[in-house]
Amino acid sequence: MTQPAFVRRFRFFGILTVVSVYLLILVGGIVRSTGSGMGCPDWPKCFGTWVPPTQASELPVGYKEIYTAQRVAKNQKLAKTLERLGFKQVAGQIFAHPTQFIETDFNATKTWIEYLNRLLGALIGVFIFLTVVLALPYWRRDRTVFWLAFAAFLLTGFQGWLGSLVVSTNLLPELVTVHMALALLIVAMLIYAVDRSQQERTAVAANSEGLPKRLIPLLWLTALFTFGQIVLGTQVREQVDVVATAANYLGRAEWVEQLGNIFKVHRSFSLILLVLNVYVAYQLYQTRNSQLQRLATVTMGLLAMEIIAGVTLAYLALPATVQPVHLTVATVLFGAQFLTIIRYARQAKTQPKTTYASVVA
């Protein structure tokens, strides 16, 4: 069955955008692991220019005080807005955080790492806008595809604004966590849009005997648990930053022991996720659906990689090179689980009674 050209274009560019978002998550992990989150103290510019400086002599005298004052002024406006909306506790937390008035020393390497992260984010914004444009033909064919792409575009804009708040609040932990959660939501929406755009082709390739719907709640539970584990992982990462700062980034081998209960919960919860994923994979392998079986294999492979990365972090003194890999693999795992839900739910709903061969014939 030959697909229309606009379907192929949307699928190609949609997949490219999803891959780019995952790349941005990886780069964001590198930013965190290298301590480059405040490499640029302002947003969207970096030290007041579109091209960051390469040496401290290019900065104005008293740059720390200048950019701290700018951040505080921005946060005061944000706090007042939150108070008017009824979020007084959240507003108070903005200024209660101990790093609020701390300005980091200029480091050219960290500045450019953060700047490249921002450039990639801007490029992805363009990608998602083009994805919306390429989704226009679906306005008549399947409006859900268009609205998913458009909503992802709006969320990306909000994500950019939220990123500016992350900078102005000096990496406030709560905002960093929300920033990560929104990235996963954007990924899920794009994956759904791309897969739904191929719905006719997927339906034709469905199994002749259909699939039982009883597994769908368990699929959702597993994906939501993974989502929660990723969010919990960002909080562990924030605790690592606190411990590292207190130790002046010395004695890395002792950091894990100082992480407290949140790390223990994160580690223990991974065992629950392992059991759930193995059971789900076993159930998927029992079907005759080759797509779902492949997704189960991919999921188990990603899970194995995630476990190896987690064990490496826990027992080898949190190597900085493994931290972004651990985060990125976790988000890809969530994407694979979400795609499995979509595929399984669709084929369980359609339950076609003719085989693929007979449909083609």
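Are C40 and C46 buried or exposed? In this predicted model, C40 is buried, and C46 is buried as well. The protein comes to 13 helices and 0 strands, and 48% of its 361 residues count as buried.

**Overall architecture**

- Read from the N terminus on, the elements of the protein run α-α-α-α-α-α-α-α-α-α-α-α-α, in keeping with a secondary structure of 13 helices and 0 strands.
- Among the contacts in the protein with a separation of 6 or more, 79% are accounted for by residues 24 or more positions apart.

**The disulfide**

- A disulfide is a covalent bond between the sulfur atoms of two cysteines.
- The count for this model comes to 1 disulfide, and it joins C40 to C46 with an S to S distance of 2.0 Å; this pair qualifies because the cut-off for the two sulfur atoms is within 2.5 Å.
- The link of C40 and C46 is left-handed, with -85° about the S-S bond.

**Packing of helix 9 with helix 10**

- Two packed helices are described by the angle between their axes and the distance between the axes.
- Helix 9, which spans residues 216-246, packs with helix 10, which spans residues 261-286, at an angle of about 155° and with the axes 10 Å apart.
- That angle makes helix 9 roughly antiparallel to helix 10, because angles over 145 degrees count as roughly antiparallel.
- The crossing in which helix 9 passes helix 10 is left-handed.
- On the side of helix 9, the residues that meet helix 10 include L218, L219, F225, L232 and V236, together with T222, Q229 and Q239; on the side of helix 10, the residues that meet helix 9 include I262, F263, F269, L273 and L276, together with H266, S270 and N277.
- Taken as a whole, the residues of the contact of helix 9 with helix 10 divide into 14 nonpolar, 9 polar and no charged.

- S164 lies in helix 6, which covers residues 143-168.
- With a relative accessible area of 2%, S164 is buried, because the term applies under 20%.
- S164 and D42 are 122 residues apart in sequence, while their C-alpha to C-alpha distance in space is 7.7 Å.
- When residues up to four places away in sequence are not counted, S164 touches W43 and K74.

Technical notes. Residues numbered from 1 in each chain as written. Predicted model: local features only at pLDDT ≥ 70, side-chain atom pairs only at ≥ 80, totals over all residues. Heavy atoms only, no water. Buried < 20%, exposed > 50% of the residue type's maximum accessible area, 1.4 Å probe, protein only. Axes fitted to C-alpha atoms, helices over the stretch in contact; angles between N-to-C directions. Helix = DSSP H or I, 4+ residues; strand = E, 2+ residues; numbered from the N terminus. Parallel < 35°, antiparallel > 145°, perpendicular 65-115°, else oblique. Left-handed = near helix turned anticlockwise from the far one by under 90°. Contact = heavy atoms within 4.5 Å. Nonpolar A, V, L, I, M, F, W, Y, C, P; charged D, E, K, R; others polar.
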